[in-house]
Amino acid sequence: MPNEYQIYLNQVRAALWGEPVSWPEEQTDSLLALHAMQGTGSLVYPAVLEQSALSSYARAQMKSVCVATMQNQAKLQWTLQTAWTALEKAGIYAVLMKGAGLAALYPSPERRAWGDIDLFVGKDQYHPACAVMRETFPKALKFDEELDHYKHYNLIADGISIEVHRVSVGLQHPLDERRYARMEQEGMTISKERIMLDGLEVRVPEPTFNALFVFLHSWEHMLTAGANMRQLCDLACLLNHYADLVDYEQLNRYLRALHLEEPWALYMKILEKELGWKSSDKHKHSINIAQNYDHLLTDLLSGRMREAKVEMPVTKNRLARKYYTMRQRMANAERIRRYSPSYARHMVATTLLHGASRLFAKDRHWE
């Protein structure tokens, strides 16, 4: 692993747990680029600015990130309060996911940048909640259609994206989907967990389910657009904050049911070895991941975590489009095999099953 990656990881680990952060001036450009790509600048820069003698260039770059983060959070907080109050007034039970809810678990919440607002309302409340958001923000841009096969409905109010979620995660395998729906029911719709955000009390997912969700959300990014280190910092802070509340036996049952034991083991090793999370015997596993770990960590830090793309020719032939979609998903499964052979096999099985079920189904042009 390149030396700049190790320096970067040392900085993130130190900032995460309130330790002194060093900044080698000669690596300023490469480290600034890494923090920008991994979403960790607002976490690390305040600690560096407090302690280090920096060049005017480095100091200016760091200050601009910190100021932009604080300004954006103020705007996000106002939008969240407006949206949450409107949903509560309408009698809609919402749960705040990701973003602000995770920032509250950091030692210094203002150091966790968040860019949008994710509100889980479930399938039964989905359409009423979307209507409330349109009424509350009448000038908002409508980004998505309000369709029952979408994961969420999205609108942009004064530059802030608000996502109203039918489901928290979209899964292709029907068995995975059914199993996860039961987990979601337990972790979202009956959650009693609350946090305070600048005087606003909001519901957040139940801790054990939240650990699964935060991990699974990041793994979704691994499978498609690419994950980043901030997502792993989120998981480390969540597991640390809820150390006595996460039921690891239940969590392990969730992971087994969704074929995620191997990916979870990879994440746990990054949290322990690179981010300094102090684990307990509760989460120990016996999965051999040594040969896959370096591949995943290096690709994550280098930004090579991207979905495999198979060029699809322009065609109206339905079978041809189905064929190229299957080829792309198979290519992506092969990419994931480099990190998790067991999950790659599950992806292949899912692709074959999903392809067979869609072959004779009515075509959906949104896919």
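Which residues of the largest nonpolar core touch the most other members? These legends walk through close-up views of a predicted model, and the first view takes up that question.

**Figure 1. The largest nonpolar core holds 115 residues.** Met-133, Tyr-180, Trp-219, Met-229 and Leu-239 are the members that touch the most others. If you are wondering where the core draws its residues from, look for helix 8, residues 207-223: this helix supplies the largest share, 10 residues. Here is some background for a first look at such a view: in soluble globular proteins, nonpolar side chains tend to be buried together.

**Figure 2. Tyr-180 and its contacts from elsewhere in the sequence.**

**Figure 3. Glu-50 and Arg-111 meet in a salt bridge.** The whole structure has 9 salt bridges, and in this one the side chains come to 3.4 Å, N to O. Glu-50 sits in helix 3 (residues 41-51), while Arg-111 belongs to the loop between helix 5 (99-103) and strand 2 (116-120), so the pair ties together parts that are 61 residues apart in sequence. Are the two partners buried or exposed? Glu-50 counts as exposed, at 60% relative accessibility, whereas Arg-111 counts as buried, at 17%.

**Figure 4. A salt bridge joins Glu-146 and Arg-134.** Between these side chains the N to O distance is 2.7 Å. Find Arg-134 in helix 6 (residues 126-136) and Glu-146 in the loop between strand 3 (141-142) and strand 4 (152-157); the bridge therefore ties together parts that are 12 residues apart in sequence. Glu-146 is partly exposed, with a relative accessible area of 24%, and Arg-134 is partly exposed too, at 29%.

**Figure 5. Glu-334 forms a salt bridge with Arg-337.** The closest N and O atoms of this pair are 3.2 Å apart. How many residues apart are the two partners in helix 13? They are 3 residues apart in this helix (residues 318-337), which means that about one helical turn separates Glu-334 from Arg-337. Glu-334 counts as partly exposed at 47% relative accessibility, and Arg-337 counts as partly exposed at 30%.

Notes:
Residues are numbered from 1 along each chain as its sequence is written. This is a predicted model: local features need pLDDT of at least 70, side-chain atom pairs count only at pLDDT 80 or more; totals for chains, interfaces and linings use all residues. Side-chain values use heavy atoms; hydrogens and water are left out. A nonpolar core is a set of buried Ala, Val, Leu, Ile, Met, Phe, Trp, Tyr and Cys residues joined through side-chain atoms within 4.5 Å. Buried means under 20% relative accessible area, exposed over 50%, partly exposed in between (1.4 Å probe, protein chains only). Helices (H or I, at least four residues) and strands (E, at least two) are DSSP runs, numbered from the N terminus. Contact means heavy atoms within 4.5 Å. A salt bridge is a side-chain nitrogen of Lys or Arg within 4 Å of a carboxyl oxygen of Asp or Glu. Lists of a residue's contacts leave out its neighbours within four places in sequence.
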